[in-house]
Amino acid sequence: MSRAVDAKIEYLLRQGDNALILSQQLCQLCGKGPALEEDMALSNVALDLLGQTRMWLSYAGELEGKGRDEDRLAFLRDAHDYRNCLLVEQPNGSYAEVLMRQFLFDTWHYFLMDGLTRSSDARIAEIAQKSIKEVTYHLRRSGDLVVRLGDGSDVSHAKMQAALDELWMYSGEMFLYDAIDEAMVEQGVAPAAEPLRKSCLDHMTEVFAEATLAMPDPGAWMQRGGKQGRHSERLGYILAEMQFLQRAYPGAQW
């Protein structure tokens, strides 16, 4: 297998793992939302992300050619084999933290999918085109709620600001390109880092200003390592719950 194909498989795993882990996190909140409408919305976002996960991991498995489908890639890999960003594995915490995590991810996710719709890889472009409608809704929803709560009561404003300050150091990893990302840029598969970062920061600046939230320094030090398989202990707990049935009853089918 060529290095170019290996790099593409790794890139596909990153996209699938981001969507999968965040979907699992949101699934854990089913029945725990602050209002019925929001509870349903979080579950719907989780299902959207799970559907996107299947497309990314299915393509990765096909390119790999080792007989691993989306189920095997999701349920039979260990934590160090996962390639998701650290942001999506951060604890659910308060609703403010859940919402801020979602907004930071949604912003990057939207502009990335927009760029991937023009990918030189027709399959990736197709997946991005199918995902962009859902991701557009995700970003609109989380952005609107950030504004409503940030510019709401003193309590909601304080909680949203605290969540932003806490999670900001995990937001930069998505724009820290390594050799895999750069290989995808060179092949015309993925958008370049700087235009993507600028689009995201411009949108965040606009939303945070409307929400009366102080945006942290974009040049601040950022956590990294998730894309290379170095994760927090939190991911182990997420996978223990998510993978239990398949691990306990290998090959079980409904």
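Lysine 8 has a relative accessibility of 15% and therefore counts as buried, the cut-off for this class being under 20%. The model in which this residue was examined is a predicted one. The side chain of lysine 8 meets that of aspartate 121 in a salt bridge, with an N to O distance of 2.7 Å. This pair links distant parts of the chain, 113 residues apart: lysine 8 belongs to helix α1 (residues 3-27), whereas aspartate 121 is placed in the loop between α4 (95-116) and α5 (122-150). Aspartate 121 is likewise classed as buried, because its relative accessibility is 7%.

A second salt bridge is formed between arginine 141 and glutamate 38, whose closest N and O atoms are 2.1 Å apart. Arginine 141 is part of helix α5 and glutamate 38 part of helix α2 (residues 36-64), so the contact ties together parts of the chain separated by 103 residues in sequence. Both residues of this pair, arginine 141 and glutamate 38, are buried.

A further salt bridge brings together the side chains of aspartate 114 and arginine 118, at 3.3 Å from N to O. Aspartate 114 counts as partly exposed because its relative accessibility is 27%. Arginine 118, at 58%, is classed as exposed, since the threshold for that class is over 50%. Salt bridges with shared partners also join Arg14, Asp178, Asp181 and Lys227 into one network. The count of salt bridges comes to 14.

With regard to the overall fold, the protein contains 10 helices and 0 strands. From the N terminus on, its elements accordingly run α-α-α-α-α-α-α-α-α-α. The C-alpha atoms fill a box of roughly 55 × 40 × 30 Å along the principal axes. The radius of gyration is 18 Å, which agrees with the value near 18 Å that a compact globule of 254 residues would have. Of the 254 residues in the protein, 52% are buried.

Notes. Residues are numbered from 1 along each chain as its sequence is written. This is a predicted model: local features need pLDDT of at least 70, side-chain atom pairs count only at pLDDT 80 or more; totals for chains, interfaces and linings use all residues. Side-chain values use heavy atoms; hydrogens and water are left out. Helices (H or I, at least four residues) and strands (E, at least two) are DSSP runs, numbered from the N terminus. The radius of gyration is taken over C-alpha atoms; the globule rule is 2.2 Å times the number of residues to the power 0.38. Buried means under 20% relative accessible area, exposed over 50%, partly exposed in between (1.4 Å probe, protein chains only). A salt bridge is a side-chain nitrogen of Lys or Arg within 4 Å of a carboxyl oxygen of Asp or Glu.
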